[in-house]
Amino acid sequence: MSEDSQVRTSPADDLRRTPLHAVHLALGARIIDFGGWAMPVQYRSILEEHALVRRAAGLFDLSHMGELWIEGPGAADGLAYALVSDPRTLAIGRAQYSMICAADGGIMDDLIVYRVAEERFLVVPNASNATVVSGAIAERLDGFRVADRTDAFRATLDDASDRTALVAVQGPLARDVLLPLTDVALDGLRNYSISAGRVAGSDAWVARTGYTGEDGFEIFLANEHAASVWEALMSSASAGSLAPCGLGARDTLRLEAGMPLYGNELDRQCTPGEAGLGRVVKLRKPGGFVGADALAAAAERGPRKLLAGLVLRGPGIARHGYPVYVEGASDAPAGVITSGSQSPTLGSAIAMAWLPPDAASPGTMVQVGIRASRVAGEVVALPFYRRQS
């Protein structure tokens, strides 16, 4: 799953704060403006936090994300019409990565859908898009009413974002950290699954999902229990197995794992197919969905651009917005970097970029404009990093 990338480094008094804000201050976190939220970007160094998640486990505050509950006898059909995937195919307790698209096929947001009961679903959109997604889904559910009654909805939406906290334990030792504190059967909880239970004495939903490329768990709970659960996780972990991590490490981790970030890789100007995510689109599902005609037409004509991975073969780091030049094309940029960083795990500079379709095949050499220089880059298959099973 992904987040908004609008960042200011001088937080203002009007920023929204998560239920864990005081905890972050006490831990000495560097706080930034992240899409209108005061969020911890790092506690120590981003490199240390990144390495910890790859080696042991990191604890993240994700309470800025949205939580939308959709329920009723029309919930499954309503969500199938609202989203590009088909939540009707989900077994109870399972989840799927999905997207909500506009009528023209542009991506409004990427999100995760959990089916927690036959007629109840949890949808988790990105923080900056939560209000937009909530409004769009509510509008698309409007047609799913009880027959012969205009006042009774067969599918209703409850936006619980403001009263829900979300913390994530991510890394190879995530199970060992969480296991002593929960009655959820973690060993039976498969990837992209969710279960209700208790964590450190508080009611919670525990999902085996994450945004780091590692095994891990995301814990949804009421705001008032966030601090006690956070402290219990920190207190119960053995020395060196868990530490708080900020959005800086989260960004480098998801980049290595080839996971898109809304506002960088994904936006209204691209389709799921162009972003390499066409697998989640179910064009032939019964009842259709908003954007289906546009996406079918896009599939027929072929992509206008493609999202690709790059490894730089010269000095420098490719940053968001840097131009990409293709040999044999005009001197104008042919593509653009969407995200880039030095990979702490791989020891090389990596990036994702929008490229012309004929330049997006692995092995193609391009040039990235970095200040006054053009640095060689090689197109590679995503992801850059894949954890050992």
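Several elements cover the buried residues of helix α7, among them β3 (30–34), β4 (37–42), α2 (46–55), β5 (58–61), β18 (335–342) and β19 (349–355). Buried means under 20% relative accessible area, exposed over 50% and partly exposed in between (1.4 Å probe, protein chains only). Helices (H or I, at least four residues) and strands (E, at least two) are DSSP runs, numbered from the N terminus. The model is predicted: local features need pLDDT of at least 70, side-chain atom pairs count only at pLDDT 80 or more, and totals for chains, interfaces and linings use all residues. Residues are numbered from 1 along each chain as its sequence is written, and side-chain values use heavy atoms, without hydrogens and water.

Nine of the 10 residues of α7 (residues 247–256) are buried, so this helix is largely enclosed by the rest of the structure. The buried set includes Arg250, Arg254 and Glu256. Gly258 follows α7 and has a positive phi, near 70 degrees.

Beyond its neighbours within four places in sequence, Leu242 is in contact (heavy atoms within 4.5 Å) with residues including Leu52, Leu59, Val169 and Leu233.

An open sheet of five strands has the order β7-β8-β9-β6-β10, with antiparallel pairing. Two strands pair if DSSP finds at least two bridges between them. Five bridges join β8 (residues 107–117) to β9 (residues 120–124). Ala117 stands opposite Arg120 in β9.
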